[in-house]
Amino acid sequence: MSEDINEEITLDPVNDEPKDSESNTNEESSSTEIITVEDKFPETLHILPLTNRPFFPHQIIPLIVEKDLWENTVKAITDSPHNMLGLLLVKKDNIDNIQPDDFYKIGTACRLHRIVQSDDKLQVVIEGLHRFRVTEWQTSERPLIVRPKYYPENSSEDDDEIKPYVLAVINTIKELLPLNPLYNEELKIFLQRSSPEEPSPLADFAASLTTANKSELQDILGTTHILKRLEKVLALLNKELQQAQAQMEIRRQVEEKMEKNQREFFLREQLKVIQKELGIEKDDRTAEIEKFTSRLKKLTIPKPARKRIDDELEKISMLEMGSPEYSVTRNYLDWLTLLPWGKFSKDKLNIKRARQILEQDHEGLEDVKDRIIEFLAVGKLKGNINGTILLLVGPPGVGKTSVGRSIAKAIGRSFFRFSVGGIHDDAEIKGHRRTYIGAMPGKFIQSMKDIDYANPVIMLDEIDKISSSYRGDPASALLEVLDPEQNVDFLDHYLDVRFDLSKVMFICTANQLDTIPTPLLDRMEMIKLSGYLASEKLQIAKKHLVKRQLKKSGLKTKQLPLSDKVLSRIIEDYAREAGVRSLEKNIATIARKAALKLLEDKKSTVKIEVDDLDSYLGKPLFENEKAIKGIGVVTGLAWTAMGGVTLSIEASRVHSYTRGFKLTGQLGDVMKESAEIAYSYLMSQCEKFDIEPTFFEKAFIHLHVPAGATPKDGPSAGITMASALLSLATNREIKKMLAMTGELTLTGLVLPVGGIREKVIAARRIKIYDLILPKANKRDFDDLPDYIRKGINARFVKKYQEVIDVLWD
């Protein structure tokens, strides 16, 4: 009868229903057995869910469930006289909103032994007893209750047919035991509760050992026919054995490789010792590889770059030394390992020390020094000065490069300078690709190698003179370098790996802003350096230039004493530009000629007086600049790349035969338009300004701006030209020594202009202290240092009528 029962209740793994193996006549006899078992077990079971894998009979497990969801179910189980429950596997992983259709129909009837409560969890210890099938769901909400149909365990099948399978399962388990130590512990627990001779517990235990998925294990649970269950279990065990053997083989290969590497390491070390004892030199390739490897130990290299280096090291170890590829790879590795990956110098953000360095290295430029000190103060509060791009703008020779060098010295960083003026190939910035013979990284990567730190101060000189050609646009390439958001991952074409430039402090220099591309200019913080006054030049010469040139010429101070009068005359007659470069050249000329005189005349000292300068430097380059006075003559102020200058604009009536207006002096389009605006404005305001109405109708007027060889442009001479024409038209001379600047409109408004500092300095140089400036430039004038504004009487005008009031005041 037992055989009939076992053949009848074989579960289909697809629909989870028992498979009918015999005729319906056997069902009656089998039901007799099931009724007997049901007399011993309850007619209903409370259900707890399983999500990962089913639970088999003859096992004991601790099961953890959510207290909020299943506390009532556990309480109902403990309140029952039999402490019985059913464990069913859930088809889905989420059991929060579980429904009866989500469960498999075959499960395990269990007895609850112990409950342990921990926070929001309940841990229950459960013993598996028998399989059961759900015949009816009595509730669809928690606590879930079903009416079960039990399938008892039977051991009366044909032993001769089952025994070979039992032995095969036992032997397979024996093969698995050495492959996983956990199997030993589980086997001990099984042997304490069951005998390996019992086929049903053995099959369930063997299935639980495997790592099969839950549908395969549920298939085993649903197969009540012991012979078929043993067949399926044996297949799972063999699959598990193959996987375990494959894992062991992989592990063995890894261990062998490690042992081989260790063995090779010891052999190499022994070889090194033997070679050292015998005085045998290493081959070049080994020496190169060891040199590169030793460099890497001192660096902190990002993972992508380290992977590239390791790949190249492996590649070079296999290349023939005579091949071109070997030299290319060796040079590439040389660059990669010489770069200062992760090496940073410590910043010295001492404000007092920085101020002392700037005062020591530079005379004047107080506003620039203050701006730099403010910048360093912000860096000290932040703790770093990363991602900073400064732009120093000013005429040649005012000390832009030396200011950048002083900044590097003040913060204790290495300094690297290169000029980008005239660069027309973006490969100079981003490097050449390694496909070219003689390829090299760009200037920035080269500077990193030379400096040996990843946070230097890099000066880009003459950035306003950068150019472009068919080879590329370097200005566009600089956008990535000078953008703090992008240069953290700067990609050089030669390196082909990312390098962090975000810690670099960039300082750019320029003489003018017009030629710098707007996107590039937008990324920089601008500091303007204007020209020096004569008094400032004198101090610079005494403290810096004379000492430097005497040292270069091999002279001592007592051999060539230069008085303040001599230096002042050099400044006035030979070096009147905004900077001090020409001044230094003239001092160098004097030092060289003095050195020759010392040797020829065998004197111990060469004294130079003011009258001697002609013999050393030639005739003066500049005459004493004086403002020209007269009818139709007005002094204007202009800005140039060399600093501020004064321009005496002249207007003359040529004849009265025909009406006309002529402009000379190599004027640009904008300046010509300013002259025409001044002419038209005065013609429209003749009555208001007491001008004869017939003056402009008959007069042919010639307006000239002196220094005709020098190109001139800009709108700032508008009111100056109008004043010259007004003086001519009214036949009145401007008695005052004054100078002016400002743009004029057709309605008589005076608009602001640029370069106020340079223009004020130019006026002081020729001793003009009365100035007319646009009212909108009052803020620029107020921002000037006190020593520049001292003695200046500035009149600020908004309309041209106010200019006239000053002219005839």
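**Figure 1. Burial and overall make-up of the protein chain.** Buried residues account for 46% of the 809 residues in the protein chain. The model shown here is predicted. Its secondary structure comes to 29 helices and 24 strands. The accessible surface of the chain is about 41,300 Å², and carbon and sulfur atoms contribute 49% of that area. Of the contacts between residues at least 6 apart in sequence, 73% join residues at least 24 apart.

**Figure 2. The cis peptide bond between R142 and P143.** Most peptide bonds are trans. The bond that joins R142 and P143 is cis, with an omega of about -5°. P143 belongs to the loop between strand β7 (121–137) and strand β8 (145–151).

Figure 3. Most residues other than glycine have a negative phi. D452 is not a glycine, yet its phi is positive, at about 75°. The residue is found in the loop between helix α16 (443–451) and strand β11 (457–461). D452 has a relative accessible area of 33%, so it is classed as partly exposed. N731, also a residue other than glycine, has a positive phi near 60°. N731 lies in the loop between helix α25 (718–730) and strand β20 (738–740). N731 counts as exposed because its relative accessibility is 55%, and the cut-off for exposed is over 50%.

**Figure 4. A nonpolar patch formed by I250, V254 and M258.** These three residues, I250, V254 and M258, form a nonpolar patch on the surface, and their accessible area together is about 290 Å². V254 is part of helix α8, which covers residues 226–278. An α-helix has 3.6 residues a turn, so residues three or four places apart point the same way. V254 is partly exposed, with a relative accessible area of 44%.

**Figure 5. Aromatic pairs, with F689 and Y800 as one example.** How many aromatic pairs does a search of the whole structure find? The search finds 15. One of them joins F689 and Y800, whose rings are 6.1 Å apart from centre to centre, with 65° between the planes, in an edge-to-face arrangement. This pair links distant parts of the chain, as its two residues are 111 residues apart. F689 is in the loop between helix α23 (669–684) and helix α24 (695–698), while Y800 is in helix α29 (residues 800–807). Are F689 and Y800 buried or exposed? Both F689 and Y800 are buried.

Figure 6. A pair of aromatic rings is described by the distance of the centres and the angle of the planes. For F695 and F696 the distance is 5.1 Å centre to centre and the angle is 85°, so the pair is edge-to-face. F695 is buried, at a relative accessible area of 7%. F696 counts as buried too, at 2% relative accessibility. Elsewhere, ring pairs link F416, F418, F444, F490 and F506 into a cluster.

**Figure 7. Two lysines over tyrosine rings.** K91 lies over the face of Y104, at 5.8 Å from the centre of the ring. In the second example, the charged end of K343 sits over the ring of Y453, at 5.9 Å from its centre.

Figure 8. Helix α26 runs over residues 756–765 and is mostly covered, with eight of its ten residues buried. Which residues of α26 are buried? They are I756, R757, E758, K759, V760, I761, A762 and A763. Just after α26, K767 takes a positive phi of about 60°.

**Figure 9. S553 and its contacts from another part of the chain.** S553 lies in the loop between helix α19 (534–552) and helix α20 (564–574). S553 is partly exposed, with a relative accessible area of 24%. Neighbours within four places in sequence aside, S553 is in contact with A591 and R592. The C-alpha atoms of S553 and A594 are separated by 9.2 Å, and these two residues are 41 residues apart along the chain.

Key. Residues are numbered from 1 along each chain as its sequence is written. This is a predicted model: local features need pLDDT of at least 70, side-chain atom pairs count only at pLDDT 80 or more; totals for chains, interfaces and linings use all residues. Side-chain values use heavy atoms; hydrogens and water are left out. Helices (H or I, at least four residues) and strands (E, at least two) are DSSP runs, numbered from the N terminus. Buried means under 20% relative accessible area, exposed over 50%, partly exposed in between (1.4 Å probe, protein chains only). Patches are made of residues with over 30% relative accessible area and no salt bridge: like charges are joined within 9 Å, nonpolar side chains (Val, Leu, Ile, Met, Phe, Trp, Tyr) within 5 Å. Accessible areas come from the Shrake-Rupley method with a 1.4 Å probe; for residues, only the protein chains shown count as cover. A salt bridge is a side-chain nitrogen of Lys or Arg within 4 Å of a carboxyl oxygen of Asp or Glu. Rings of Phe, Tyr and Trp (its six-membered ring) pair if their centres lie within 6.5 Å; planes under 30 degrees apart count as stacked, over 60 as edge-to-face and the rest as tilted. A charge sits over a ring if NZ of Lys or CZ of Arg is within 6 Å of the ring centre and within 35 degrees of the ring normal. Contact means heavy atoms within 4.5 Å.
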